[in-house]
Amino acid sequence: MTELSEKGQAIAIGPRIVASGGFDLLYREGMALIEEVAAYLDGEGRGDSRILGREASFLYATESMRLTTRLMQLASWLLLQRAVNEGEITKENARSEKEKVKFSATPSERGGPGYAQLPAPLRDYIDKGDRLFDRVMQFDTLERGKLPELDIGVANGIADQLARLKAAFGRA
């Protein structure tokens, strides 16, 4: 995502998007999710986990640990980006610190034996955490001045829609 400067050179607009209000919304949503998950795991989640069978109980412990780890990694990223946006640290310092935060891999497919037996709130929080992770990765890509990679299916869908518009409006 670039725009042309007065001299005709392309300039990155990704960092501008990250510094805009879109980040503030992402930050608030991320921090709210972290608080919700912590409250759930420390409260209702404890009770939910006690009534699970052995296999589901082990999976609950594993998934809740993965979720907590992922959310703490995301919190680190969000706090560093907020510090940059507020002028507390430089982009270079933030990038250096962000490199120290290695995001754990997101399983390509959730599920497996016992996953359906996990409490619905935990599964919902896992889904929300995965979506937050995807959004943070998109912001991180933009902040670095790179273009996000398009999913081939989405790109073809866009091309298809453009072809339909051209056909409808006289092949302009």
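Buried means under 20% relative accessible area, exposed means over 50%, and partly exposed is in between, with a 1.4 Å probe and protein chains only. Glutamate 29 shows the middle class: its relative accessibility is 35%, so it counts as partly exposed.

This is a predicted model, in which local features need pLDDT of at least 70, side-chain atom pairs count only at pLDDT 80 or more, and totals for chains, interfaces and linings use all residues. Residues are numbered from 1 along each chain as its sequence is written, and side-chain values use heavy atoms, with hydrogens and water left out.

Start with confidence. pLDDT is the predictor's confidence in each residue, from 0 to 100. The chain averages 79, and 69% of the residues score at least 70. Where pLDDT is low, the predicted coordinates should not be read in detail.

Next, the layout. Helices (H or I, at least four residues) and strands (E, at least two) are DSSP runs, numbered from the N terminus. The chain has 7 helices and 2 strands. Along the sequence the pattern reads β-β-α-α-α-α-α-α-α. Of the 172 residues, 30% count as buried. A contact means heavy atoms within 4.5 Å. Among contacts with a separation of 6 or more, residues 24 or more positions apart account for 72%. The chain exposes about 11,100 Å², and carbon and sulfur atoms supply 55% of that area. Accessible areas come from the Shrake-Rupley method with a 1.4 Å probe; for residues, only the protein chains shown count as cover.

Now take helix H4 (residues 54-85). The expected span of a helix is 1.5 Å times one less than its number of residues. H4 has 32 residues and reaches 46 Å from its first C-alpha to its last, close to the 46 Å expected. Glycine 87 follows H4, with a positive phi near 75 degrees.

Which residues of H6 are buried? They are Leu122, Tyr125, Ile126, Gly129, Asp130, Leu132, Phe133, Val136, Phe139, Asp140, Leu142 and Glu143. An α-helix has 3.6 residues a turn, so residues three or four places apart point the same way.

The core comes next. A nonpolar core is a set of buried Ala, Val, Leu, Ile, Met, Phe, Trp, Tyr and Cys residues joined through side-chain atoms within 4.5 Å. The largest one has 28 residues, and Leu71, Leu78 and Leu122 have the most contacts inside it. Helix H2 (21-42), H4 and H6 each supply at least two residues of this core. Beyond its neighbours within four places in sequence, leucine 71 is in contact with Leu33, Ile34, Val37, Gly129 and Leu132. Serine 64 lies in H4. Its relative accessible area is 12%, so serine 64 is buried. Leaving aside neighbours within four places in sequence, serine 64 is in contact with Leu41 and Leu122.

Turn to charge. Side chains of opposite charge can pair when their charged atoms come close. A salt bridge here is a side-chain nitrogen of Lys or Arg within 4 Å of a carboxyl oxygen of Asp or Glu. The count comes to 3 salt bridges. One joins glutamate 29 and arginine 135, at 2.4 Å from N to O. Glutamate 29 lies in H2 and arginine 135 in H6, so the pair ties together parts that are 106 residues apart in sequence. Arginine 135 has 29% relative accessibility and counts as partly exposed.

Another bridge pairs arginine 46 with aspartate 42, the closest N and O atoms being 2.8 Å apart. Arginine 46 is partly exposed at 43%, while aspartate 42 is exposed at 52%. Glutamate 63 and arginine 66 also form a bridge, with their closest N and O atoms 3.0 Å apart. Both lie in H4, 3 residues apart, about one turn of the helix. Glutamate 63 is buried at 5%, whereas arginine 66 is partly exposed at 44%.

Finish in a loop. Proline 113 lies between helix H5 (91-100) and helix H6 (120-143). At 65% relative accessibility, it counts as exposed. Leaving aside neighbours within four places in sequence, proline 113 is in contact with Glu55 and Leu59. Proline 113 and glutamate 55 are 58 residues apart in sequence, yet 8.2 Å apart in space, C-alpha to C-alpha.
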